[in-house]
Every structure is written in structure tokens, then in C-alpha cells.
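Colleague: I want to go through the labels on this model one by one. For each, tell me the value and the cut-off behind it.

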Number of protein chains: 2
Amino acid sequence: MRSHYCGALGTGNIDETVTLCGWVDRRRDHGGVIFLDLRDREGIVQVVFDPDTEEHFQRADRVRSEYVLKVTGRVRARGEGTVNPNMATGEIEVLGKELEILNSAATPPFQLDEHTAVGEDVRLKHRYMDLRRPEMQNKLMLRARITSAVRQFLDREGFLDIETPILTRATPEGARDYLVPSRTHPGHFFALPQSPQLFKQLLMVSGFDRYYQVAKCFRDEDLRADRQPEFTQIDIETSFLGEEEIMGITERMIRELFQNVLDVELGEFPHMTYAEAMERFGSDKPDLRIAMELVSIDDLMQQVDFKVFRGPADDPNGRVAALKVPGGASISRKEIDDYTKYVSIFGARGLAWIKVNDLAAGIEGLQSPILKFMPDEVVNQMMERLEAKDGDIIFFGADKTGVVNESLGALRLKVAEDQGLVAEGWAPLWVVDFPMFEDDGNGGWTPLHHPFTAPSCSPEELQANPGEALSRAYDMVLNGTELGGGSVRIHQRDMQEAVFTLLGIGQEEAEEKFGFLLNALQYGAPPHGGLAFGLDRLVMLMTGAASIREVIAFPKTQTAACVMTDAPGEVGAQQLRELNIRLRQKQQEQGE
Amino acid sequence: MRSHYCGALGTGNIDETVTLCGWVDRRRDHGGVIFLDLRDREGIVQVVFDPDTEEHFQRADRVRSEYVLKVTGRVRARGEGTVNPNMATGEIEVLGKELEILNSAATPPFQLDEHTAVGEDVRLKHRYMDLRRPEMQNKLMLRARITSAVRQFLDREGFLDIETPILTRATPEGARDYLVPSRTHPGHFFALPQSPQLFKQLLMVSGFDRYYQVAKCFRDEDLRADRQPEFTQIDIETSFLGEEEIMGITERMIRELFQNVLDVELGEFPHMTYAEAMERFGSDKPDLRIAMELVSIDDLMQQVDFKVFRGPADDPNGRVAALKVPGGASISRKEIDDYTKYVSIFGARGLAWIKVNDLAAGIEGLQSPILKFMPDEVVNQMMERLEAKDGDIIFFGADKTGVVNESLGALRLKVAEDQGLVAEGWAPLWVVDFPMFEDDGNGGWTPLHHPFTAPSCSPEELQANPGEALSRAYDMVLNGTELGGGSVRIHQRDMQEAVFTLLGIGQEEAEEKFGFLLNALQYGAPPHGGLAFGLDRLVMLMTGAASIREVIAFPKTQTAACVMTDAPGEVGAQQLRELNIRLRQKQQEQGE
């Protein structure tokens, strides 16, 4: 029907006769002439109807916002005073000759340009209107470009797009599964996959060598701001490659993606061990756009009497660390109180601080409630280590190592945000050498990644010292967000059994849950490993979206519902009977 | 780890030192030398170890079938007598220098080259082994290429890949839904989509203009040979295009796909009306590789007394048709009896026939139990119309039109298959001008496609004569298989309501089920339409697979189960309690 997209017109089209299809973004009369802003997914163009075209002018006069039109007209340059520099097509306009109303429109439930005032629920209820906004159109168009660029890269590199089942068995990611009752196997349920982990490993056992899938995954968890019940993963697995090669390929993929889609050069990604990331940033996904770091001062604090610092400094499981905020001396007492509350969320029992007012004046030039507990010598050594400058503030954490890392790590992000200390741009890195296990608090171990991650030691060494063992896992982090994570997997049955044993998964449970994997491992499984990227989060970062819901066409609300279609919905008794289930509460209503 | 894929080696690599990774396909000793056939996804190559490489020779000696190896060696030409023309790499071999055993393998549950003897259940249970067979590898690799080629085409044409929800509301395709109990909304259920139909229409209302998705769809139906509970659709929708343009783009997509992937030129697809397809082939998905056609002889049979033919010939809802099988006079009485049984499946109460032995001999040259009921004149006219030749057989159907079309249409396929009358090659076509509705047998109407299909007439004409109305639907048919189908959709609320009314969907039910669509239609819905291809079926045709299960990595069995992972599985009482459901049978066991 159309010859051009509205937004694609420019001075190159002047004097051409074009046919456009789109929506009326705005309509106004001015000096006996009708101006229509016509909108399609590529942009907006101004169409002018004057009374010469009698019949069509009359139609244009009837037109309202969001009517769907087909317009034919001639492109012409705008007069000098009327060029609109805020509009991509602002140098031209279309002199309308013919107008066909393809569909009329009732008054929209909200004005598209006033969406922020109406609240997200109204927008989600009328999502088909909300998605008309150029901002949403651009985000989803960019998402399509990102997915396409990723696929093209992986196709080129010999990865095979292979689909794995959605109706499957409970997978071991540990979150709650969505279940699907089986009609043909009464009392039995499918689970929707939390990831295609086991299937992609089996595809490696099958010899497909390089696999990928843009895969829907499901978790029935209480939703936080950036979670959705269903989300999309770029899921990758390869055989016969070590962690360096896998990181190499996927880093190249992300680099090319940023080049192609955003015209951004990310450069080579630094590698950082988990231990270093925790030590310097208190986080395994450090935001390297922020220059501040946690600095250990345990050795210094072992010399002071101040018990609050001395205790953790002496404790092998404790830590005393300082976080210097450049120019932070101007932070008010009120703000410091707020930060103290903030770190308490992470278990910190206080937030000591020193303001550096005038270093030249020695101790007198410092301002702090804790100075009196420390010898001047220690304070001076500390100032030197921290390279403190006039105008800085230094915050302190002293507690169990985990508490210090978490609270100062979080404080670092918050202060940087508040004080404008987050640099522009992109800061990617790899975090490597994760521990295999975490203490589960009950004398057992839980996997830091998942139970199929290979350790970087032998089964015997692993069993001898599980707390010290490192895994062959790696996370890609960008601007403080985990973009993706993966590992080299266990490919030998004895190692897999050793890990299950350490995790307290007995032989029977292992057979029952993962028997098919254990079997597969003994029939010639190749060394293999892979990675999964969170596509929604990647798109969110690349589009600068505030919420994951902005980059998903039809997202769910925080209670896992779709207000547009009213899903989930009620279901008839007959349907439930076929599935061999009944509702708990409604038992009596069903007459039984 | 590797420098080359095994199957990628050729005479161009002679004298190169290569490193290969793969599985031992076969191992044999011969003249003090060990021959290993090493296999990866790209093919098989022969590796030779001689006793010179002592340590590695000893390892090679320990190797068994399906061991995973890394081999380094030098490529050399095979001696003249030892070239293997049946092997893609048969002109060369690799003289092994180093061998590393990456993993051992227990004796496989079945020999990969003897899979046919073991039955599909064993193969599905050990699917990771079954998928190692080159045949299966090739099918899934071709599937990946097909998907990739389709995506590239659609990306190039400006279609946006947009994901629609899997956890959604019951959709109106009419098959049984898979349900997912909601934990956060007790007593409510999500449905898995039977297609993204409504979402893609809403994306058009949103102005995305061109959408596609390779989408998982779900139907909880009793499975026939070529059905799966989850299947994959290439789902397409566009705005501002009519049926000719939509057919044009998608035909070009399939044509380019066949060019690129199979090097086959399909040429332009003929268009055939539904009425013509039923008349000539008794089917709305005619296999045009078969030259035989159904020929109407109602007018002739109105002249005979033979009640079996005369009745349907006089009945406006009846039909008498003939199917001439060239060279079919050699079909035996036994075979004719079998065909008679076969057509009875479709409701035919018999199968009359005439063998044409010697046309020159007149009526005497024909052989048939029904000749005696017909005047010679009529028989001669019939022979002329059918262009009968010596050696042909002619079968007859006389009944309600539907029964004749279905039974002779099916017979046409079966006889062609049995008698070798299916031509080689590819025969695509479009079937168009479908009726809007079918009589549902209870005085009501059911849609031939779905309730969102636009009629090619006005709402008033539709209501006046629903049985005569044609729709703007189109099916793409290839070799007798429906590859895809679609339509121009209804984009105006009054038309949509008129169709709902005709289908017996009251205003309340329409609001309840499709309220969001009806709403969307009144806020400026563009004219739009689309199409969905069954990807599994397309791949099945293109790979020549016998079953849909051969082109799906992890398919379900006929009872909708996965014998490998043992899905569906049992679920704990706690999990059910969280979902507010209980089992029907097991109520007491759960202690309530």
C-alpha cells in the first residue's frame, strides 16, 4: 500500500509523489489549512491538506488522533521559517493529494505523549497503545536488531540453533518451577525449564559440537523489579574448548554486537578473580565505571585498641576496609545518617567515617568521631595508604568479611550514584576463579553456580578440601550487571558423582533426578562448556531502559499477571477433571 | 583443541599436520596397524596408528567404540587400492602421531548403525546416542540452516523478531490447552499458547508493521504420527498489505529457502481456488506431483437408471466423480478389495470401477460390474471425457459431495503411492478463496480458519448469506502437505462482532474472551494479515524425514512423554499446596 515509511522521508525525496500509511499523531488547523502529523514505526512526517483538494480536505477535517490513514502526496521542502529541527523529517513536508481513512479510532485511553502521568497499570492494560510510543517502538526494534546480530554471529561461528523442550522435567536451578499437569499421565506434571542446561549438555554428548538457542526460561519466583516469570536467554554450549576459548568467542560476540548496534568499541575485557573482585569492590559483579575501591586496613587496625575495629581485624573471618570518596567531605551529617541506615540493610552495625579537611594541618585537619580511638601514627599510615586528599571522606566497614564486602560494596554504588561519581561509558570485565561451593550455614555446601560446573582440581582434591576448591566458571559483567555466566562442565561420571555427594545429593536422588545425565556421561561425553546471557537484561542495558518491562512486548506485572489479557484466568471444572486435578479452596463449589 | 573437523578434510590437506577431536566410530586391527574411524558432526575420517608411535599406538589399542579422542597426525593420500569412494574423506587418511583419550565410553546401549533394529523407544531413551548418528546430525544441522535462512530473509525484508508470552491466556484455536496453575493467583491458570495469533494482531495495532517469530506453540491433543504436544511455527504478520502481497513475500521466502538450502528452483506457485482444488483433487491440499484428477460425471449419470449413481447425480449436495488411473488395469481384484476397504474409512459405501482393456473393441473391451447399468452411449461419452486409454482403470465415487471428495481424494494419494505414480520433485501451490464457514452439523457455523479471518464481503453480505461467503485466507501447499496458512484479518470491530455472532459467540462471551482484541480494534487498528508455517513439517519435507520426531532433538512419544528424562514426573505435596491444587485420585494419600 505504501511507497515509503513516514520516518524515512527526507530532502532526497523532494518532488516525489509518495504514498504513506500510518497513524495520526497530531492534527491541527492553521490558516485554513490542515496539518496532520502522520506516524509509523520509522518516524513522523507532516502532511498538509489545503482546501483545493476538496473531498480529501473534508476527510482530513474529520480525522482525529490515532486514525489510520493512507495518504498520497508530493514531498516538498518546508519554507525557511517552518523547518523543524527537532523532527528527523523536519526539513520537508508532504502536500497531501489523496486521503483514505483506513480505520477510525475512539479517543485513546491515554495520550501517548502523556504516558508517564497515567501509571504503568493503565499502560499495560492498553499495551497495544503504549507500544505505539516511539520510545517503545525503538526499544523493541533495537531488541530485534540485537537478537539478529547475535544470531548472525553465532551462525557464522558454526553454532547450531537447536530447540530444546519447553514441556520437560524439573530442572536443578533451584528456583521454583512452573508446572503443567499432564492429561495423559494422571498425577504427573511437566515442568517449564528454568534453563536448557541439561539438554544443551546432552547435545554436546550427541556431538553437535556448537549449540546455541535464544531460549525462553521460566521461574516461579516472587518478582523483583528486574525479574519476569518468563525471560529469554542466549544459551550457548561448545565442545573441546577450554574456558579461555569460550570466553574469547563470547567476548568477541558482545564486542561485535556493541560495534554493530551501538557503534561502541568495548575493547578487550579485563579478567579479574572472584577473590580480587570481592577484595577491591565487595562484589562479584563490580561496576568498573566507579573509580572508588575498598582498601583493606586490617594490618593497621591490629595496632589499635578500638574494639569495633580491632576485633574484626584480628578475626580470620573478619575484615576492616576503607572506602575513600573523592570530594565527599561535603556530604552532610544527614546524608551520612542515611548511608548508615542503608548499610544496615546489609548487616553493618554502623558506619564510621573521617572527613579530610586539611591534610597539611595533620590530625587537626581531620574530622571524625573515631579519631580519638586511634594513634596518630596509624591514622597517618592510613591516610597515606588511601592517598587521601583534602575534601575526601573515608567510610569504614569492620565486621565479618561477608558483611563488610556486601555493605561497603553496596555503599560504593549508592554513593557513586548520589555524588555523580559514575563515569560515562561501558566497563566490561570477566570475573573468574569462583569458589566451587559456599557454606550453606548448616555444615553443608551449596554450589556457587550449579552442580554441573567443573572444578579446577581432581575429584580427590575436591573431596579433601571443598571449601578451597575453585571452579572453572566465569561471569561476564558490564557496568555492574551480570550479563552472562557459564562454566566448563563436568564431563566424567565419577567427578559428577563426587560433586553430588559433596552437595548432599545421595546416589538414589542423583539417579532419580539426573540419571539420564549420569548415563550420558559414561557413553563418551566430550569435554564441554558454555555460557548463558540474559537477553532482556542485555537489551535493557543497551537501550538504557529503566525496567526490564520496557524491553518486553507483553510483560507481566509484579504479581505475575497480564492485565491486558487478564491472565491467569479461571478454568472450567471439566478441564480440571481431564487433568486429574482439583482446586484446594473450591472443592465444595465443584460439588464434591 | 582441534584444527579441523574430521569430515572437512580432503586432498587439499595432504601433508598438513592436523588435530582432530571426535568419537571412535569403528576400530580395527589389520596387519599390525590400528585403523580408527574418527567421527564428528561434519563427517568421518580414517586415522592410522602404527607401532612406531609406541605410547600412542598402545593407547589406540585400548580404544573402543564411542571413546572421545584428540588425535594429531599428518594427512596423506591413501594408496590406490585403498581409496574408499563411499566416504567423503575416502581419498585421504591421517597418519596418527599423538592420541589423547579425552573420555572413555561404556558399551553403547545399541550400535549406532543398527538403530533400526532396536525400536524407537530405546533410541528415544538414549536420545543423546541416537542423535550421534550422521543421519540425525544432518537433519538437525539442516533444520538450523533452514531456520537461519528464514530469519535472514525476514530480517532483510524489515520484519521484526518480537517475542510473545508463553504464559498467557487460553487462545481460541479450539484445541485443548496446556494449563499452568498460578501460585500468586490461587485457582487461576495460565494457558500455553496454541499460536501467537492475538498477540501478533495486537503488535500490528501497535504499529510494528512487520512481525515475525519462530514461536513455540502447544496443543494438548491425542497425538497422531505427525503431531507433537509442542511444535514450532514461523509466525508472520504484516500491516497495510493485501493477500496478494503477503502471499508474494512468503512465496519468495520459501523459494529462496529452497534455492539456498537445497539448490532447488520452485518457480512461481500456481494459485487455485478451494472450489477447484476440491473439484479436481478432492482435497484442499492437493499433491500436484500426481497427475490424476477427479472428473465430475454428474451430468452423464443423470441419464442413467443405476440408482447408486443417479441419486447423488440428482442431489444438489451429491457428486459422482471418476478417477482414472493410467496403467491401472493391472490392479488385481485383491487390491481393488483393499482399496474398497480403504475408501470406506472416509464413508464411501463401495468402490465401482471399470478396467479399460481394449477401447477399439468398444464396450466389449471394458471390464466392470457396473457396465450393465449404463447405456453404451453414456459409457462412451464418459470414456471420451476421461480420455481413457487401454490399460487404465477408472474408479468411481457417488455419494454426498464431501464423502466423494474425501474418499476419492484419499484414494488418489494411495493409488499413486502404491502404483508409483508420484512424480519426483516439488509441487507447490497456493489454495485461495476458502469458504468463511463450515456447517457445524447443528445448524450453526464453524470457521474454516479461525474467527479473526476477514471475509471478502461486507458485514451485511456476510450475515445475509454466511454459507456462501468466501474468506481472505490462503494456504501454501507443497507435495500434498499444508506448509502454512494465513489470512487477511478483520481489522474493524463491527465486522469482528458480526463474525462472533454468526459463530454463536454472544456479546458477553466475546467480551470475556476477546475483550482486549475488540478494544484494540476500536483504537485505530490497521488493515493487517499474516501467515504461519509449520517449521517441523517444513523441515521434515526438506530433509525427507519419515516422521516429525526425526527433525526434533528431544521429541515426545505418542503418549506425550519423554522417555529420556521421564517427563512428566511426580510432584511433591508441598509444591501442589503452593499451587492451590490437589490430585483427584491421590487425595487420601496426601492425608486429607
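Modeller: Chain A has 18 helices and 23 strands. Helices (H or I, at least four residues) and strands (E, at least two) are DSSP runs, numbered from the N terminus. The model is predicted: local features need pLDDT of at least 70, side-chain atom pairs count only at pLDDT 80 or more, and totals for chains, interfaces and linings use all residues. Residues are numbered from 1 along each chain as its sequence is written, chains are lettered from A and ligands numbered from 1 in the order in which they are written, and side-chain values use heavy atoms, with hydrogens and water left out.

Colleague: Why is Asp536(A) called buried?

Modeller: Buried means under 20% relative accessible area, exposed over 50%, partly exposed in between (1.4 Å probe, protein chains only). Asp536(A) has 3% relative accessibility, so it counts as buried. It sits in helix α17 (residues 535-543) of chain A.

Colleague: And what makes Arg219(A) partly exposed?

Modeller: Its relative accessibility is 26%, so Arg219(A) falls in the partly exposed class. Its place is the loop between β9 (210-218) and β10 (230-239) of chain A.

Colleague: Which residues does Asp536(A) contact beyond its sequence neighbours?

Modeller: Contact means heavy atoms within 4.5 Å. Leaving aside neighbours within four places in sequence, Asp536(A) is in contact with Arg143(A), Phe231(A), Thr232(A), Ile548(A), Val551(A) and Ile552(A).

Colleague: What makes the pair Asp536(A) and Arg143(A) a polar contact?

Modeller: A polar contact is a pair of N or O atoms within 3.5 Å; within protein, one must be able to donate a hydrogen and the other to accept it, and residues adjacent in sequence count only if both atoms are side-chain atoms. The side chains of Asp536(A) and Arg143(A) are joined at 2.9 Å.

Colleague: Why is α5(A) called oblique to α17(A)?

Modeller: The axes of helix α5 (residues 134-156) and α17 of chain A come within 10 Å and cross at roughly 120°. That angle makes α5(A) oblique to α17(A). Angles under 35 degrees count as roughly parallel, over 145 as roughly antiparallel, 65 to 115 as roughly perpendicular and the rest as oblique. Axes are lines fitted to C-alpha atoms, for helices over the stretch in contact, and angles run from 0 to 180 degrees between N-to-C directions. Among the residues that meet are Arg143(A) in α5(A) and Asp536(A) in α17(A).

Colleague: How do you know that Arg489(A) is buried?

Modeller: Its relative accessibility is 3%, so Arg489(A) counts as buried. Its loop runs between β21 (481-488) and α15 (493-502) of chain A. The side chains of Arg489(A) and Glu237(A) are joined by a polar contact of 2.7 Å. UniProt lists Arg489(A) among the positions of a "binding site" in an unreviewed entry; such annotations may be inferred rather than shown by experiment, and positions are given in the numbering used here, with feature names shortened.

Colleague: Which peptide bond in chain A is called cis?

Modeller: The bond from Ala567(A) to Pro568(A) is cis, with omega near -5°. In chain B, a cis bond joins Ala567(B) and Pro568(B), with omega about 0°.
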